[in-house]
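Dear colleague,

I am handing over the structure below, and my notes on what was found in it follow directly after.

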Amino acid sequence: MSKKGLFITLEGGEGTGKSTQVKLLHAALAAAGVDALMTREPGGTPQAERIRNFIIQRDAGHFDPLTEALLMMSARREHLVDKIWPSLEKGQWVISDRFADSTRAFQGYGMGLGQETIDKIYALVAGDFQPDLTFVFDIDPEVGLKRSMKQLAVTSNATESTEDRYERMGLPFHRRLRDGFLEIARHFKNRCVIIDATQDIQTIHRQLLQTIAARTGVTAKEAQHG
Ligand code: TMP
């Protein structure tokens with residue numbers, strides 16, 4: 001793949017506000033004339049969204065951690081082949097709400113699969129492809145979980161099965177997750193920037209734009225939330 005665009009990922013535990021930041025970032029870049037698209041994982045293409053639908057719902061039940069990592073990576077392969085790589089080749093920027101660091105954190109650290117296994121599957125699925133820039137949103141999991149459950153209550157209704165499978169995994173799981181993400185940020189320090197997710201929305205948005213300006217030379221005016 002000859003990559004011309006830039007691949008930016010936003011990562012972190014639950015309730016960090018990163019989905020809001022994906023939208024703001026996209027709006028700011030579009031206004032600055034950058035041809036960028038927003039996407040998410042698991043999902044991002046029709047086939048990958050099908051995989052998402054059965055893994056992250058509350059009633060999905062229990063999967064062996066390796067099975068779960070393989071499902072996440074299968075969705076990722078569809079996403080890469082069908083959307084991420086063709087878009088980057090065309091010169092578009094791709095902003096993704098989660099990518100492979102989520103598998104490293106959730107399945108690798110949270111579910112205890114370990115990084116070596118994930119590295120092997122990732123190499124098969126993506127080769128040596130990596131994001132150019134990753135924002136790791138960090139928050140105390142107790143605060144994040146409360147924010148996330150509140151958000152889910154707003155977006156779901158009583159008859160619908162909800163996407164809260166990971167929110168229900170308990171605090172020790174979410175503590176491992178936070179430590180995992182911080183470890184990942186240290187390990188991939190050239191591409192990862194840790195964001196204090198307790199700050200207000202506009203402050204975080206400005207930090208993202210400043211980082212992008214410093215690394216790429218592309219300057220964008222901040223977009224307004226709401
Ligand atoms: P979302 O809540 O940010 O939309 O993400 C969906 C859930 O899927 C979230 O709880 C994290 C989880 N997830 C994994 O466990 N492994 C992965 O590789 C990805 C991309 C997401």
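A contact here means heavy atoms within 4.5 Å. This is a predicted model, in which local features need pLDDT of at least 70 and side-chain atom pairs count only at pLDDT 80 or more, while totals for chains, interfaces and linings use all residues. Residues are numbered from 1 along each chain as its sequence is written, and side-chain values use heavy atoms, with hydrogens and water left out.

With helices (H or I, at least four residues) and strands (E, at least two) taken as DSSP runs numbered from the N terminus, the chain has eight helices and five strands, and their order along the sequence is β-α-β-α-α-β-α-α-β-α-α-β-α. The radius of gyration, taken over C-alpha atoms, is 17 Å, close to the 17 Å that the globule rule (2.2 Å times the number of residues to the power 0.38) gives for 226 residues, so the chain is as compact as a globular protein of that length. Its C-alpha trace spans about 45 × 40 × 35 Å along the principal axes.

Of the contacts in the chain with a separation of 6 or more, 78% are accounted for by residues 24 or more positions apart. Buried residues, meaning those under 20% relative accessible area (1.4 Å probe, protein chains only), make up 51% of the 226 residues.

One residue I looked at individually is His205, which is found in helix H8 (residues 201-216) and is buried, with a relative accessible area of 0%. Leaving aside residues up to four places away in sequence, His205 touches Gln21, Leu24, Leu25, Ala28, Glu222 and Ala223.

With regards

Key
Buried means under 20% relative accessible area, exposed over 50%, partly exposed in between (1.4 Å probe, protein chains only).
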